[in-house]
Amino acid sequence: MTEARTYDVVIVGGGAIGSSTAFFLASESGFRGTVAVVERDPTYRTASSALSASGIRQQYSTAVNVQIGRFGIDFLRNVGVHLAVNGEAPDIGLSERGYLFLGGPESESVMRDIHALQLAHGARVELLDPDALTRRFPWIDAAGIGIGSLGISGEGWFDGYALLQAFRRKARSLGVDFIHGTVVGLERSGNRLTAARLADGTRLRCGHVVNAAGPRARSVAEMAGLRLPVEARCRSVFVFDCRQELEACPLVIDTSGVWFRPEGRQFITGLSPPEERDPETFDLEVDHAQFENDIWPALAARVPAFASVKVVGSWAGLYEYNTLDQNGIVGPHPELPNLLFANGFSGHGLQQSPAVGHGIAEWIAHGAWRTIDFTPLSVERIVANRPYSERNIV
Ligand SMILES: Cc1cc2nc3c(=O)[nH]c(=O)nc-3n(C[C@H](O)[C@H](O)[C@H](O)COP(=O)(O)OP(=O)(O)OC[C@H]3O[C@@H](n4cnc5c(N)ncnc54)[C@H](O)[C@@H]3O)c2cc1C
């Protein structure tokens, strides 16, 4: 005999996106319903939110992503107020040391255009020519650089796992049910979803379903008979020691695509592989050859002090990679309006989790975007096969 319970909202996946959505729903004054988050692995051992580099930036080339970034940093700065439980404030270790994008001379005009858009949307970003760059960061070799773009406020990194746990704890304290289980089926009647089925036979009748299944989002869409262009793609992160201190080192994105940033007294680094070496996979295997062949040569060329670094650790995590345009997919499905997607963030979902959770909660409560207009990231563009691309993806 299957057990049946009823919730106004069932969220599939309790990572940063699902837990943020649950928190914002539970604290949304226009919403009085019940919320369940179904999570297949509450240890989050393989969840992207636990294996992230957890950076946050304002430097995007589309207005909606700049707005999402601004919402995110404001939320993170005040996380102790938003997510305290019984007077206990979470510590997410926010470090606002900026992102530094480096571009070759050929990138200069694009970066100037993007810069103007960022300023127009309130981001604090400064362009640096090679001289200004090496004056500010004397440890950089500026060979081949035409321009640098430095975020001077509102960018940096934090403890993503701590943010996820803080969302979860606060949502529970506000009455959200977190259910340990795996959603294996969605029941549909006409253009509505009516229930979610779990592997243990539990049936959850529901008013809305939110797909927050991260790298497994496509399989949840398929349960409703829908297509979602989201694949699991593996990314390796390497931890290394460097004897020399790099003063005021931000998160640097080199012209080669290699990124690095300080992590305590060490550094972490990574690189998205080229498309032909980036298959869909759920295996969390570190690509050690990538460090030797691709990352280390670029690091040593850009920062002479990195010529003699020592790798002391590594891990692998999954991007929930949107193969259409590597941008988030946020909002209701036109064919099934009570199924909402919050997927496909392709490397920037942790920093976007506050704004996205808030936006989805607003949509469920009011049937409209109120604070940030997520229309550019709509499911409609996916259905119409109309990419909405960033020009500086990492
Ligand atoms: C190496 C790496 C570096 C990154 N760097 C950054 C960065 O610097 N900044 C940034 O903003 N983002 C970064 N990201 C991306 C970011 O981590 C993700 O976009 C974000 O964590 C996605 O959150 P999520 O909640 O959607 O997914 P997840 O954290 O993966 O959560 C999804 C959850 O859904 C559960 N689930 C799946 N299917 C089911 C089901 N059928 N039933 C029940 N539960 C289910 C899973 O168990 C999982 O816990 C990085 C990611 C990686 C891998």
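**A tour from the paired strands to the ligand**

Begin by selecting strand β1 (residues 4-12) and strand β11 (residues 203-211), which run parallel and are joined by eight bridges. Strands here are DSSP runs of E with at least two residues, helices are runs of H or I with at least four, and both are numbered from the N terminus; two strands pair if DSSP finds at least two bridges between them. The model is predicted, so local features need pLDDT of at least 70 and side-chain atom pairs count only at pLDDT 80 or more, while totals for chains, interfaces and linings use all residues. Residues are numbered from 1 along each chain as its sequence is written, and side-chain values use heavy atoms, with hydrogens and water left out.

Within this pair, select Val10, which stands opposite Val209 in β11.

Then move to strand β9 (residues 183-189) and strand β10 (residues 192-198), an antiparallel pair with six bridges. Val183 stands opposite Leu198 in β10. The hairpin of β9 and β10 has two residues between the strands, and Gly190 takes a positive phi near 60° there.

Now select the ligand and its shell of 36 residues, of which the closest are Glu39, Ser49, Gly55, Glu320 and Gln351; a residue belongs here if one of its heavy atoms lies within 4 Å of the ligand. Colour the shell by element: α1 (16-27), β2 (35-39), β12 (230-241), β16 (310-322) and α9 (349-366) each supply at least two residues, and the largest share, four residues, comes from β16.

Colour next by domain, with bounds from an automatic or database domain assignment. Domain 1 (4-87 + 159-229 + 324-383) and domain 2 (99-153 + 231-322) both give residues to the shell around the ligand, so the ligand lies between them.

Finally, display the polar contacts (pairs of N or O atoms within 3.5 Å). A polar side-chain atom of Ser52 lies 3.1 Å from an oxygen atom of the ligand. On the backbone, an N or O atom of His348 lies 3.3 Å from a ligand oxygen atom, and a polar atom of Leu350 is 3.1 Å from an oxygen atom of the ligand. Taken alone the ligand exposes 1000 Å², of which the protein buries 96% (Shrake-Rupley method, 1.4 Å probe).

Conventions: A polar contact is a pair of N or O atoms within 3.5 Å; within protein, one must be able to donate a hydrogen and the other to accept it, and residues adjacent in sequence count only if both atoms are side-chain atoms.
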